[in-house]
Amino acid sequence: MRRKELSPSAVRAFQEIMGQAGVFTSLEDRICYSFDATTYSSVPGVVLRPSSAEQVSRILAVSSQEGLPVVPRGAGTGFAGSAIPLEGSVALSFERMNRILDFSPDDRHCVVEPGVVNGLLQKHVGKKGLFFPPDPSSLDVSTLGGNVAQSASGPRALRYGSTKDYVTSLDLVAGDGQLWHVSEKSGGYDLLSLLVGSEGTLGILTAIGLRLVPVPSSWNTFMAYFRSLEQASVAVAELSSQGIIPTVLEAMDHVTLRCVEEFLGRQPSSGVGAVLFVEVTGSETEVKVLSEKLELTFSKLEQIRFESAVSEAERERLWTLRRSVSPALARVAPTKINEDVCVPRSKLPALVRAIEALAERHGLDIYTFGHIGDGNLHVNIMTDVRKKKEMERVEQCADELFEATWLLGGTITGEHGIGIAKRKYLPREVGRVGMRMFGEVKRAFDEANILNPGKVVPSEPAHGAGGAV
Ligand SMILES: Cc1cc2nc3c(=O)[nH]c(=O)nc-3n(C[C@H](O)[C@H](O)[C@H](O)COP(=O)(O)OP(=O)(O)OC[C@H]3O[C@@H](n4cnc5c(N)ncnc54)[C@H](O)[C@@H]3O)c2cc1C
């Protein structure tokens, strides 16, 4: 179907569905929905804020008839440009669909609308001693719709896995406006797995079933200070080879640590090259045994010291250090290019060496931190998008980082997704056949190509051409 411009009659149809309050047409309002956490932006033609699945269905019926691309949107915290409303698309924002529809503590299960903020769900289910394990560092703002669409993970993913491990069912609206339901109990092909992490390109989520787990009874939280990030990564590889898996195992290199300490007004740690932030949870015995194993492993390496939390307040103090990384880094440079490469844990020391060599070779400021226990490092290139020459070096550096990652058997995205930021690299990652399959899947779910077009797979994939972007 040919794309059309947004017509006055389409705007009137949307206003009939949602009333004036659900439809934003002014430029000022539309600009607020034009960006995410990347450097990309594109102003949508209109912003729609539905309050029910039935409204979403009617919106899609109008959009498919008019050939209007629709871009679903949560809180806009994505790092891949997945929620950017390209080419004046319809931005479909879920801030009014933010209800917890069902919560059954006995079944350890809940059903939520996509606009529910992750952190608010945690507070709600926490009252009954339960939690939803995926904890992206953006959890105070990011929505469960966005978390599911990106299969977000977070510090606890090491022990608990990512969002895909907790979704039990989805209610969706298809590109032509039809409502459908898919559950982990459904027979036939496992469409649930295909939909989680599909970045809004295969269906619009209107309700999400989630599995919850009990809050563990004991914890031990500590920091281990190392002389370098490479040494810290050797420690992680060592833990992995011994099968020692804590709940949380996060790293910060020395520039990131310095920056966070300054941000929080804390004394700078001297002589430290990197830290590992570790949390062990479980029963009292589990925590004791695992903590002893961890300390023994670290003490054999050239680690400087430990700082253990002895109270809830101390634990919160250490978590605050970890959670403050993003706001602290935001002050370093006008632009932060955040790559989330991921390699097998045994290859982490080689990845760290490659990152350090790249920073040196390209003369760039790189701050590295992340979910190192998963093999996932966030490589943040601090730059300024207005400096054209430097941005060329940044792009070259990212290309070389991805090459190094592939050589180590890794992936260019551990959790942030493909969106538009990594679209051009996908053919190299999944190959010609993989790209053809992706194109076929997209066509099967969204023949008219109106669901978040141009994200993940090219907008008009040349049939069987594989690498076309
Ligand atoms: C400071 C910071 C820390 C972060 N930490 C982490 C982290 O630890 N782990 C991690 O995985 N990510 C992290 N992220 C990235 C980001 O927060 C996650 O990808 C998050 O899941 C995005 O949620 P959102 O509500 O902001 O979605 P958006 O960015 O608005 O959208 C993300 C995707 O979801 C789609 N979408 C939204 N709602 C729907 C719907 N109803 N139906 C279909 N598709 C929909 C959009 O089209 C888009 O493709 C972080 C980001 C920031 C800024």
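A crossing of two helices counts as left-handed if the near helix is turned anticlockwise from the far one by less than a right angle, and as right-handed if clockwise. By that convention, α8 and α13 cross in a right-handed way. Helices here are DSSP runs (H or I, at least four residues), strands likewise (E, at least two), and both are numbered from the N terminus.

The model is a predicted one, so to speak of local features takes a pLDDT of at least 70, and side-chain atom pairs count only at pLDDT 80 or more, while totals for chains, interfaces and linings use all residues. Residue numbers start from 1 along each chain as its sequence is written. The predictor's confidence in each residue, pLDDT, runs from 0 to 100; its mean over the protein is 94, and 97% of the residues reach 70 or more. Residues 461-469 stay under 50, and there the model has 16 contacts beyond four places in sequence (a contact puts two C-beta atoms, placed from the backbone, within 7 Å). Where pLDDT is low, the predicted coordinates should not be read in detail.

Now for the helix packing. Axes are lines fitted to C-alpha atoms, for helices over the stretch in contact, and angles between N-to-C directions run from 0 to 180 degrees. Angles under 35 degrees count as roughly parallel, over 145 as roughly antiparallel, 65 to 115 as roughly perpendicular, and the rest as oblique.

Helix α8 (residues 229-241) and α13 have axes that come within 8 Å and cross at roughly 160 degrees, and the two are therefore roughly antiparallel. On the α8 side the contact uses L229, E230, S233, V234, V236 and A237, which meet L348, P349, V352 and R353 of α13. These residues split into seven nonpolar, one polar and two charged (nonpolar means Ala, Val, Leu, Ile, Met, Phe, Trp, Tyr, Cys and Pro; charged means Asp, Glu, Lys and Arg; the others, Gly among them, are polar).

Helix α13 (residues 348-362) also packs on helix α14 (residues 388-407), with axes within 10 Å and a crossing of roughly 160 degrees. That makes α13 roughly antiparallel to α14, and the crossing is right-handed. Residues in this contact include L351, I355 and L358 of α13 and C397, L401 and A404 of α14; by class it has seven nonpolar, three polar and two charged residues.

Helices α1 (residues 8-18) and α3 (residues 53-66) pack at about 170 degrees, their axes 10 Å apart.
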